[in-house]
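Please read it alongside the sequence and the model.

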Amino acid sequence: MDYDVLILGGGIIGCSVAYELSKYNLNIAVIEKDYDIADDISLINTEIVYDGSECEDKFLSTIEHKGNSMLDEITSKFNVPFKRVGSIKIANENKAIDIIEGIYKRAKERNINDIYLMDKNDVKDIEPNISLDFKKAVYSPNIGVIAPYDLAIAYAEVAFDNGATFRLEEEVTDIKKIVNGFKVTTNKNKFSCRVVVNTIPGEYNTLDSDIKSNGQKESDVHYLILNDRSKPFSNSIITAVSDEGDMIKYIPAAGNESLIAINKKGTLKFNDAVRLAKKVVPSIDKDAVNSIYHEKSRNNLVIIDDNENYNGYIRVCGDHYATVTMTPAIASMICETIVSNLTCSKNKNFIDKRREFYKFKDMSDEERNEVIAIDKKYGKITCLCNLISEGEIVDSIRRPLGARTVEGVKRRTGATFGSCHGAHCISKIIYILARELNKKPTDIVEDSKNSKVLASRIKEF
């Protein structure tokens with residue numbers, strides 16, 4: 001066998017499974033079709049960590065609640081931005097109040113503690129900035145915000161340092177059952193393995209041909225990313241619920257800027273988005289918005305992991321708005337299943353620590369002087385908006401599973417996400433990438449094979 005376990009897909013779930021399995025003496029590989037890992041995560045590096053109270057499905061709620069409880073230790077260990085800021089959902093209309101009361105009732109039935117049904121006066125004690133008119137609110141201090149891309153990268157880096165192999169730019173074309181294992185075919189290689197963990201199931205292979213659509217629901221989410229000149233409105237997540245079920249959320253920053261998320265079907269003009277945002281943050285105006293972003297939010301995740309009929313093939317199907325919250329619990333469940341069936345021993349040399357890194361923006365002057373004395377590149381600011389140094393960009397390239405694209409550098413460091421949107425630093429990033437990867441600047445790509453940033457040198461043109 002080439003590998004004990006093959007993990008298909010290098011998204012946040014694939015990376016977390018690789019991390020959990022690297023704690024054992026197993027030969028593990030992750031196959032990812034893209035240039036980089038964790039491309040399934042939104043460019044907005046802020047996600048809500050749910051507690052299970054909002055989820056209608058009881059099984060998914062249980063996984064949410066378990067994942068929520070695991071994130072304190074994981075994020076502390078990996079130095080990933082995570083804050084339990086609490087969530088206040090408010091309602092003023094009859095149907096919206098029913099939704100609020102339903103959330104509270106479900107939480108009590110599922111023994112989710114510290115959930116409170118409140119009126120306006122009670123909320124004022126927690127969040128005095130709320131001047132909105134509402135009748136009922138539900139408050140949960142368990143809910144938080146996290147930087148999901150940082151979490152996925154941390155999972156992958158620790159797994160890599162503990163022996164996991166990451167095979168990038170390989171696309172799975174087929175999976176077949178063979179004696180004592182599986183044969184996985186990619187566009188570049190053929191591998192045999194004892195166990196397959198498939199986080200990208202589809203009907204391209206015989207093993208997944210029975211997967212049927214479960215009527216997945218989608219909704220549109222429009223984000224207004226606020227700039228650093230706008231004053232923080234609240235320390236908590238504030239959500240206004242309407243009779244139609246639409247939600248407008250103020251989300252405090254996990255790492256950088258705060259944002260407002262508007263769940264509303266269809267397209268939304270900028271002026272209309274700002275008008276709706278005022279329902280939660282009355283003081284907001286156009287000048288407070290740094291950029292806008294739109295994505296689809298999905299609410300179904302199906303985990304197929306039948307221990308009674310275990311045959312070495314585990315699938316994680318579907319998508320869900322709380323995937324980041326559930327990831328630690330999902331990875332733990334899959335790892336337990338594999339380890340108990342392969343009867344493998346623990347890796348005594350396992351290092352449960354991420355390599356050190358520095359964020360110039362968050363350092364004191366004394367700390368900055370110390371790191372500049374070690375490496376002068378930390379004294380050269382590349383991204384003026386977010387105070388990101390050349391040393392940080394070089395480190396993001398040289399680290400385990402380092403950046404090889406402009407998008408990879410942007411996601412790892414936060415460069416170009418300031419008010420100038422990369423006008424000042426994008427060319428510097430391209431030339432740093434070219435220097436560190438020993439390539440021509442014209443060979444550097446934005447995110448994928450056919451996305452070169454520079455067409456040619458001016459003289460060549």
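**Strand pairing and overall layout**

β3 pairs with strand β8 (residues 144-146) in the antiparallel sense, over 3 bridges. Two strands count as paired if DSSP finds at least two bridges between them. The model is predicted, so local features need pLDDT of at least 70 and side-chain atom pairs count only at pLDDT 80 or more, while totals for chains, interfaces and linings use all residues. Residues are numbered from 1 along each chain as its sequence is written, and side-chain values use heavy atoms, with hydrogens and water left out.

**The sheet around β8**

- β3, β8 and β4 form an open sheet of 3 strands in the order β3-β8-β4, with antiparallel pairing.
- β3 (47-49) and β4 (82-83) are the edge strands, each with a single partner strand, so one side of each has no neighbour in the sheet.
- Strands of a sheet pair through backbone hydrogen bonds, either parallel or antiparallel.

**Secondary structure and dimensions**

- The protein chain has 11 helices and 20 strands; these are DSSP runs numbered from the N terminus, with helices (H or I) of at least four residues and strands (E) of at least two.
- The radius of gyration of the protein chain is 23 Å, which agrees with the value near 23 Å for a compact globule of 461 residues; the radius is taken over C-alpha atoms, and the globule rule is 2.2 Å times the number of residues to the power 0.38.
- Along the principal axes, the C-alpha atoms fill a box of roughly 65 × 65 × 45 Å.

**Burial, contacts and surface**

- Of the 461 residues in the protein chain, 54% are buried (under 20% relative accessible area; exposed is over 50% and partly exposed in between, with a 1.4 Å probe and protein chains only).
- Among contacts (heavy atoms within 4.5 Å) with a separation of 6 or more, 69% join residues 24 or more positions apart.
- The protein chain exposes about 22,000 Å², with 47% supplied by carbon and sulfur atoms; the areas come from the Shrake-Rupley method.

- L387 is not a glycine, yet has a positive phi of about 50 degrees.
- L387 lies in the loop between β19 (381-383) and β20 (388-389), and counts as partly exposed at 32% relative accessibility.
- N438, also not a glycine, has a positive phi of about 55 degrees.
- N438 is in the segment after α11 (426-437), and is exposed with a relative accessible area of 72%.

Conventions:
Areas by Shrake-Rupley, 256 points an atom, 1.4 Å probe, with all protein chains shown as cover.
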